[in-house]
Structures are given as C-alpha cells and as structure tokens.
Amino acid sequence: MRKICLLYVQDSFTDGGISAITSTKENYFVNKEGYEVHNLNALSTGLNLPEGTLDEKVIRHDIYFNTLNKLGKVPLIGRLLRFVYYRVKLLKIIFSIKPDVIILTHPKLEPLTVLLLSFWKKRVLEFHGWFNITQPDSICIRERLDFIFMYHFYNLVALTQGEALHLQKLTKNKSIFIPNPLERLPEIISNCESKRVVLFARFSKEKGIVPFLPFWKKIQEQYPEWELCLFGRGVEEDKIRQTIENHNLHTVKVYPYTNQVDVELSKSSICILTSYFEGWGLVLTESMAVGVPCIAYDCPFGPSEIIHDSEDGFLTEYLNPDAMVDKINFLIENPDRRKAMGGKARINVQRFNIDQIMGQWMHLFENLMYGKFLQPPTI
C-alpha cells in the first residue's frame, strides 16, 4: 500500500491544547505509520515553534498573515489583492502537495472558492468546541450559509459524542467523533497529599476563572493551608490578578504557562476546570494520567465524556461555583477518597491511549480514500 499523504491546515501555533494535540497526531503519523505529513500554518505571523513541537519529518508551509494584513490596509485594490493572494497561495500549496486527505483544525480556513476549485479532495474538518454552545435559532445568516454549503465539502469529526450529535443537528451533515489521544502515561504520579489545587488554562473569558475566584475565599477561610495555583497566560491575566487583590486571596498564586505540566500536577492533589465550554479539556486527561482527580463544570461537551462522576472525579452543576467549592471541600476533607479517585483516574484514562485513538484516525483516512465515511470503533 502506498504512503498516505496528509495536509493539516491550522490558523496559528499557540500554547493551547489544539496546537499540542494536532502536533501529537502529525508526529505519530509521520513516525509510527510512515505517512507523508504536511503542516500549513495558514495565518502565520512568522512564529518560531518551540523545539520538539513538530517532528523534523513533518513538512511545514506558511501563508504569512503580515503580508495579508499589509495588503488589506491598501484601499480597494489592496483588499482585492488580499482576497486573490490568499486563495492563490492556498490552491498552489494544495496542488503541489497533492494530499490524499486535507484536515482543517478550524472552520473557514478554506474559502468557498478554494473548495469549489479543488472539490475532489478528501477533506476532514475537526471541531474543537467551536459550535458546542451555539443554538440553531441563534445562528447568523453567514453561519447558516456555511452549514448549507461549505460543511458539506467536509467529513465532520468532533471530539465527543455530544458535540458530534450537536453538529449533526446544526449542519444536517453526518458527523462522527474521535476523542483526543493521551500521548503517554507518565511515570511520575501524584500521591495526592500536597495541599494544592491547580487550574491550567488560557486566561480568557470562556475559561470562567474570574467569576470563580471570589468563591475560593470560602476555602481560604476554612482551609488556609491549601492554595490554588493558576497556570497560563492570556488577555484576562490583569483582571485575574486584580480579582485576587480585591478579594485578598493570598492563597491564590498565578504562574506562567509551563511545558512541565506533569511535574506541576505531580505536586498537586486536585485539578479544577471552570470553563463555560470545552471541546475536550486536555488538562483533564493529563491530570488523570498523573493520578490527580478532577472537578469540572458539566459544560458542553468534553468533561462529561472524560470524567466518571464520583468515581475518578466530579462533574458539578454548570456555572455553579458553590457546587465546585463543595466538591473541593469534600476532597480536602476526605484524603483517602481523594487518593482512591486519583488511582482510579489513572486507570480509566488509559482508554484514550494514543495507539487506540490513532487507529480510529487511520481507519477513517483509509476509508475516505475508498470513498467511504464510516463511524470508527467507539471506546
């Protein structure tokens, strides 16, 4: 069988889970399966990737956003040139690579004109929670047109069954789900004895950090020896620090984004997730792999398909900080139960092991090459 050629198209490389998990998939295919893998950073700003992000065998391409931005600032003719430049560059890359399958990690990176001129290419559109809080009656006209026309060029893949069903309802197009893989099971394990709760997230509004922080005061007053450590960066960092100061939360610490997630988790006993919505919630599986029980809002859609409630972690009422605090208190007050849940989490998370999940992707790609779109085996 000839080598399969894949083209991954994304809009940027960031600290977030999408970049991390996409890189993991590309590296797996190029190394373990011997696929030819191309990565197109479609709106690049010339970012130098951190060492080890992408394997050197992954072939990189860029369409520079700075160039597009400069063209867009020229009245009339500049906007026209920007329109043409992006589409020509994208088509040139597609036709030069001749991929068997094109995988997009974000909607709308391929304009409709590009789709029409290369419609015979097999395409997959990964959804990472982009529409998991959109209601059918609140969709704008442009989104409705996308659902009617554009998304029918793609095979839609969500991370969870809940999101797949939601997408199917919105787009009237078949959608399947393939969970994010757990790259490895770390050797380092938490003993769940440290008096530390952690939250790893991009510091942005949808992560719900600022509204939750005032409720930590209840824990601080009752258990002053416990601390909450926030790891990340983003547009809401100043607001987070101001909230900490306003409420005198001296047991809340803010740390920069770190690549040493396993190390920090191993020094922690509880991980919380306060997001308004999550396509997946990569930190949940990372925490469980280190034996740390997680507490998350039962938000759309990821946490409920990762955490087994009351077995290896807790799902709390959506956007209810008091319910979150109650479960944190429970795990603080019951160290034996905390350790037992952490041990169970490390066992349960192994259902997402990378070989099993990537096998589902290979099953999908091979069937697409033969004109099929089948539901991969569920886990």
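Biologist: Which residue takes a positive phi just after H6?

Modeller: First, a caution: this is a predicted model, where local features need pLDDT of at least 70, side-chain atom pairs count only at pLDDT 80 or more, and totals for chains, interfaces and linings use all residues. Residues are numbered from 1 along each chain as its sequence is written, and side-chain values use heavy atoms, with hydrogens and water left out. Helices (H or I, at least four residues) and strands (E, at least two) are DSSP runs, numbered from the N terminus. Just after H6, a positive phi of about 60° is taken by Lys172.

Biologist: Which residues of helix H6 are buried?

Modeller: Buried means under 20% relative accessible area, exposed means over 50%, and partly exposed lies in between (1.4 Å probe, protein chains only). Helix H6 covers residues 161-171. Its buried residues are Gly162, Glu163, Ala164, His166, Leu167, Leu170 and Thr171.

Biologist: Why is strand S5 largely enclosed by the rest of the structure?

Modeller: Strand S5 covers residues 122-127. It is largely enclosed because the buried residues number five of the six.

Biologist: How many bridges join strand S4 to S5?

Modeller: Two strands pair if DSSP finds at least two bridges between them. S4 (residues 101-104) and S5 run parallel. Ile103 has Val124 as its bridge partner in S5. The bridges joining S4 to S5 number four.

Biologist: What is the hand of the crossover from S4 to S5?

Modeller: The chain leaves S4, passes through helix H4 (residues 112-117) and reaches S5. Point the strands away from you: a right-handed path runs clockwise from the first strand over the helix to the second. This β-α-β crossover is right-handed.

Biologist: Which residue in S6 does Leu125 stand opposite?

Modeller: S5 and strand S6 (residues 155-158) run parallel, joined by four bridges. In S6, the residue opposite Leu125 is Leu156.

Biologist: Which are the edge strands of the open sheet of six strands?

Modeller: The order is S10-S9-S8-S11-S12-S13, with parallel pairing. An edge strand here pairs on one side only. Those strands are S10 (252-255) and S13 (313-316).

Biologist: Is Ile77 buried or partly exposed?

Modeller: Ile77 is found in helix H3 (residues 77-97). Its relative accessible area is 47%, so Ile77 is partly exposed.
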